[in-house]
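Here is a short note to read beside the model. Keep the sequence and the 3D view open as you go.

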Amino acid sequence: MKNRIRVLRAEREMTQEQLAELVGVTRNTIISIEKDKYCPSLKLGYRIARLFGVGIDDVFTYEEDKDGPSAEE
Amino acid sequence: MISMKYFTYLICTFMTACLVAALIGWSMAAGNFLIPIIAIPLGLIVILACRQNVKEVIGDERVNKIRSRSALRTLEVLVILGAIASVILYSYVVSDPLAPMIKGRVFTNDDGTSSMMINMYRPGSMESPENLIRSTTIKNINAMNESEAMDYSQFRREGFLENERKGIVGMTIGGSLVALLVIFGVFYLYYDRKY
C-alpha cells in the first residue's frame, strides 16, 4: 500500500507530531505509515484523508503486486 | 490535575510496583497478611491515576498490533519451553520418595542436659524399627562432636525442606515472569522494527 501522506503533510506544512496528535496516534505510527512499513486500518485511513480534506483514494493507493495475501506476515 | 509524559508514567509505574513488591515481601516475612490486601489495590489505583494523566497517546492501533503479535509469539514460545521445563522439574518430585526419611526427637536428661536421637528410615517407608537404616544419639546437643554435628545439620536441613520447596516455587515463578518479559521484549522490538 503506497501513500501520499508525506506530500500532503508537506503541502500543509504539518509536522508528523502534529498529524499524529490530530488523528490520535503516536508519531511512530505516522513514520511507519509514511515509510510503507505499516498499513493503517480503514478507520485511521479515513481519519487521515478527512483531515487533509481529500478522498481516501487520494491518500492511499493499493498495489496488487506487492500486497499479496501473505504480505501481512 | 498534573499531566505527565509517557516516560514519567513508566517510571512512576515501575517505582510503585517495586514499592508494593517490597511491602508484600516484608509483610510475608513478618507474618503480617493485612498489608498486601491494602498495598495491592492502592498500587493499582496509583498506577491507573498516573495513566489517566498522561497527555501523550499511549497506545494506538499500531502499538496494539505489535503488542498482540508479540504476546502471541511469546505464548507460543513459553508453551513449548514450559512443557519441557515442567516435565524436567516434575521428574524431581517423582524421585523425591527415593530420599531417606529423617526423624529426630529431643529429650531432657536427668543432669539437665538435652539429648537428641536422629533416625534415618528407608525411602518411602513407615517410621518403624524394621525400616531403620541408621540411628544416631547426640548425648548433649550443646556439646556435639563433628559426626554428631553433621547428623544434626542434616536433620535441621530436613526440617527446613518445606520452606526450601516454597522458596524454589517462588524462584520458579519469578524466573518464569522474567523469561516472559524478556521474550515479550525481544518480540516487541522485532515487530516494532518491522512495522
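How many Å² does the accessible surface of chain A come to, and what share belongs to carbon and sulfur atoms?

1. **Surface of chain A.** The accessible surface is about 4700 Å², and carbon and sulfur atoms hold 48% of that. Areas come from the Shrake-Rupley method with a 1.4 Å probe.

2. **Ground rules.** This is a predicted model, where local features need pLDDT of at least 70 and side-chain atom pairs need 80 or more, while totals for chains, interfaces and linings use all residues. Residues are numbered from 1 along each chain as written, chains are lettered from A and ligands numbered from 1 in the order written, and side-chain values use heavy atoms, without hydrogens and water.

3. **Fold of chain A.** Chain A has five helices and two strands. Their order along the sequence is β-α-α-α-α-α-β. Helices (H or I, at least four residues) and strands (E, at least two) are DSSP runs, numbered from the N terminus. Of its 73 residues, 37% count as buried. Buried means under 20% relative accessible area, exposed over 50%, and partly exposed in between (1.4 Å probe, protein chains only).

4. **The interface.** In chain A, 13 residues are in contact with ten residues of chain B. Contact means heavy atoms within 4.5 Å. A salt bridge is a side-chain nitrogen of Lys or Arg within 4 Å of a carboxyl oxygen of Asp or Glu. On the side of chain A that touches chain B, helix H3 (residues 27-34) gives the most, with three residues.

5. **A salt bridge in chain A.** Over all chains, the structure holds seven salt bridges. Side chains of opposite charge can pair when their charged atoms come close. One pair is A:Asp36 with A:Lys2, at 3.5 Å from N to O. A:Asp36 sits in the loop between H3 and helix H4 (42-52), and A:Lys2 in strand E1 (residues 2-3), 34 residues apart. A:Asp36 is partly exposed at 31%, and A:Lys2 is partly exposed at 33%.

6. **A salt bridge in chain B.** B:Asp192 pairs with B:Arg62, with the closest N and O atoms 2.8 Å apart. B:Asp192 lies in helix H5 and B:Arg62 in helix H3 (residues 61-95), so the pair ties together parts 130 residues apart in sequence. Is B:Arg62 buried or exposed? B:Arg62 is buried, at 4% relative accessible area. B:Asp192 is partly exposed at 27%.
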